[in-house]
Amino acid sequence: MEFKAAMFAAAVVAVLLSSPSPALAQKKSPPAAPSPVSLPPSLAPAPAPAPHYVDLAELLSVAGPFHTFLNYLEKTNVIETFQSQANKTKEGVTIFVPKDSAFAAIKQSTFSNLTGDQLKTLLLYHAFPKFYSLAEFKNLSELNPVNTFAGAPYTLNLTDDMGTISVQSMWSRPKISSSVYATRPVAVYALNKVLLPMQIFSKDPPLAPAPAPAPVSGASDLAPGPASGKTGAGGGKADSTSAACGVGAGVVNGLVMALAGSLMLLW
């Protein structure tokens with residue numbers, strides 16, 4: 001019995017020694033947290049490039065000859081309307097710019113007699129409130145008539161004939177002669193005629209009178225002057241008179257000789 005009691009006591013002591021005491025368990029430090037991984041500072045995204053604004057007045061002044069159209073745009077402040085549409089909207093702007101020769105071909109009073117509002121509307125009639133490339137005109141022609149910047153009553157018809165774009169108004173049908181600038185959001189196309197809407201011009205405006213022909217160089221040296229003409233005529237008359245006198249003198253001399261011969265025969 002004593003032996004069993006001793007064995008039991010030894011087993012209890014061994015169990016107690018193998019299990020940690022609560023005090024030791026509380027004193028045991030928790031596992032160390034993993035050290036944070038140092039990451040390289042992230043690169044800040046590059047700022048978006050500033051939008052490229054096209055100065056329409058400068059473009060038209062150097063890409064011309066569009067001086068007449070530009071003068072009208074600045075006179076009516078329509079240039080500011082187009083510039084704002086180009087800079088502050090997503091749609092952009094498309095402008096049809098007649099050359100100086102297109103304005104010169106029409107009688108000057110056609111435009112000088114317009115009221116301020118009519119002139120402003122005429123200029124707005126030469127633009128679409130949206131950017132269109134040349135490639136887009138083919139599809140746009142299927143939507144004819146197309147509204148212009150001047151509003152719904154002022155429309156244009158576009159035609160694409162084998163790549164040649166025509167812009168038709170009531171009294172003119174100009175062709176796009178060249179692409180001056182065509183990068184979104186601004187498109188500028190040159191026209192060989194002025195667009196003339198029926199709402200402003202009730203009839204076809206008259207053409208400008210044809211310029212007088214330039215004098216031929218050196219013509220004054222070849223043509224005789226008035227004095228020389230008179231001198232020549234007088235000289236011709238004098239020559240004719242001299243010739244007549246010479247003929248008359250010859251006839252008289254002949255008669256005198258014949259008479260003398262007859263007298264000699266009688267003697």
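What follows is a short chat about strands in this predicted model.

Me: Start with S7, residues 186–191. How many of the six residues are buried?

Reply: Six of the six are buried, so S7 is largely enclosed by the rest of the structure.

Me: Which residues point which way from S7?

Reply: Val-186, Val-188 and Ala-190 point one way, while Ala-187, Tyr-189 and Leu-191 point the other way. Both sets are buried. In a regular strand, side chains alternate between the two faces of the sheet.

Me: Ok, S1 next. Parallel or antiparallel to S7, and how many bridges?

Reply: Strand S1, residues 93–98, runs parallel to S7, and six bridges join them. Phe-96 has Tyr-189 in S7 as its bridge partner.

Me: And S6 with S7, in what sense do they pair?

Reply: Antiparallel, over six bridges, with S6 covering residues 176–183. S6 and S7 form a hairpin.

Me: How many residues sit between them in that hairpin?

Reply: Two. As for bridge partners, Thr-183 has Val-186 in S7.

Me: Changing topic. In what order do S3, S4 and S5 form their open sheet?

Reply: The order is S3-S4-S5, with antiparallel pairing. S3 (146–148) and S5 (164–168) are the edge strands, each pairing on one side only. Neighbouring strands of this sheet are turned by 40 degrees against each other on average, direction ignored.

Me: How many bridges between S3 and S4?

Reply: Three, and S4 spans residues 151–161. Opposite Asn-147 stands Thr-155 in S4.

Definitions and conventions
Residues numbered from 1 in each chain as written. Predicted model: local features only at pLDDT ≥ 70, side-chain atom pairs only at ≥ 80, totals over all residues. Heavy atoms only, no water. Buried < 20%, exposed > 50% of the residue type's maximum accessible area, 1.4 Å probe, protein only. Helix = DSSP H or I, 4+ residues; strand = E, 2+ residues; numbered from the N terminus. Pairing = 2+ DSSP bridges. Axes fitted to C-alpha atoms, helices over the stretch in contact; angles between N-to-C directions.
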